[in-house]
Amino acid sequence: MIGAAQDWLEARVPLDDAARRQSLPLLDHAAQALLDADPTGQAPLTVVDLGAGTGKSAAWFRHHLTPRLPDRHIQWLLVDAHEPSLEIASQHVADADTMVTHLSDLPTALGDYLPVHPAPGTLLLTCSAVVDVLTQDDVEAILKTLTTYQGLGLFLLSITADWHLEPADPRDNGLAQAFAEHQRQDGKLGAEGGQTMLRAARDHGVRATHGNSPWHLISPRDAEFTRRFLTERVAAAIEASPELEDDALDWLKTRNQQAAEHLTVTVDHCDVLVDARHDC
Ligand SMILES: C[S@@+](CC[C@H](N)C(=O)[O-])C[C@H]1O[C@@H](n2cnc3c(N)ncnc32)[C@H](O)[C@@H]1O
């Protein structure tokens, strides 16, 4: 998916922020690794937000990383294949550079961007809500970049196949499977994205750990967002499995009514931290 709807990225900010609170232990780990790699804090540090979209994720990473790396100068670079999104991002993330590129070209593009080969532990790649829309080639390019520069990678909120609705409905599972199939179109990793990143890192002989950061949608507080989320999921599920249409629309009608008062939806995400430094 190149370029996400701006109003969708805006609407998900509070949910993403709440989910990413669960990612803070991995962020702490990444920040400590950056501090350990350069105790004097003199080396230039570059943070690259991949699939930056309109800049919401970079703003979150910056807000939480800056106090963890006091007095450290950080150069921010926002990367996305969708130029109009990056134009918006550059207005919101002050002093960040932007780069329009497809992630499969990241090693070359970053090589051109970086003035000198960075010291080990002075490059952090981040992303949020991106890995599930990538391909295997994109993941390989990201890992090649990390191993070339002995960098760190913190990849948050990759959607998995699991969701849990309360009250449960026997049709929940079939719709989840149809949605997961839709997400795998055009060679994308979909719900396997986070685990694929984790496996690929280990195959490269690089340390990698993971965590969970689910969305918790609670009615009536999140009724409007929940309705939009379920409506878009159902549209995608029907596109992948048109034979589900009648059942899916009936399910959606029921869920939209429940969203006004007593529906909770947990949407699972996988977070991955990769540390490609040698000898530490
Ligand atoms: C769901 S949006 C997330 C945006 C942002 N990270 C956020 O949390 O608000 C996914 C972004 O990844 C970008 N993207 C998807 N595949 C890409 C690829 N192969 N190369 C570069 N950007 C890509 C899309 O253009 C989109 O802006």
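How far does a backbone N or O atom of Ser128 lie from a nitrogen atom of the ligand? The distance is 3.0 Å, a polar contact, meaning a pair of N or O atoms within 3.5 Å; within protein, one must be able to donate a hydrogen and the other to accept it, and residues adjacent in sequence count only if both atoms are side-chain atoms.

Before going on: this is a predicted model, where local features need pLDDT of at least 70 and side-chain atom pairs pLDDT 80 or more, while totals for chains, interfaces and linings use all residues. Residues are numbered from 1 along each chain as its sequence is written, and side-chain values use heavy atoms, with hydrogens and water left out.

A polar backbone atom of Leu103 is 3.0 Å from a ligand nitrogen, and one of Ala81 is 3.2 Å from a ligand nitrogen. The protein covers 98% of the 600 Å² of accessible area that the ligand has on its own (Shrake-Rupley method, 1.4 Å probe; for residues, only the protein chains shown count as cover). The shell holds 22 residues, of which Gly3, Gly51, Ser57, Asp80 and Ser128 come nearest; a residue is near if one of its heavy atoms lies within 4 Å.

Next, the helices, which are DSSP runs of H or I, at least four residues, numbered from the N terminus. H10 (residues 223-240) and H11 (residues 245-258) pack at about 175 degrees with axes 10 Å apart; axes are lines fitted to C-alpha atoms over the stretch in contact, and angles run from 0 to 180 degrees between N-to-C directions. H10 and H11 are therefore roughly antiparallel, the term for angles over 145 degrees.

Key
Helices (H or I, at least four residues) and strands (E, at least two) are DSSP runs, numbered from the N terminus. Angles under 35 degrees count as roughly parallel, over 145 as roughly antiparallel, 65 to 115 as roughly perpendicular and the rest as oblique.
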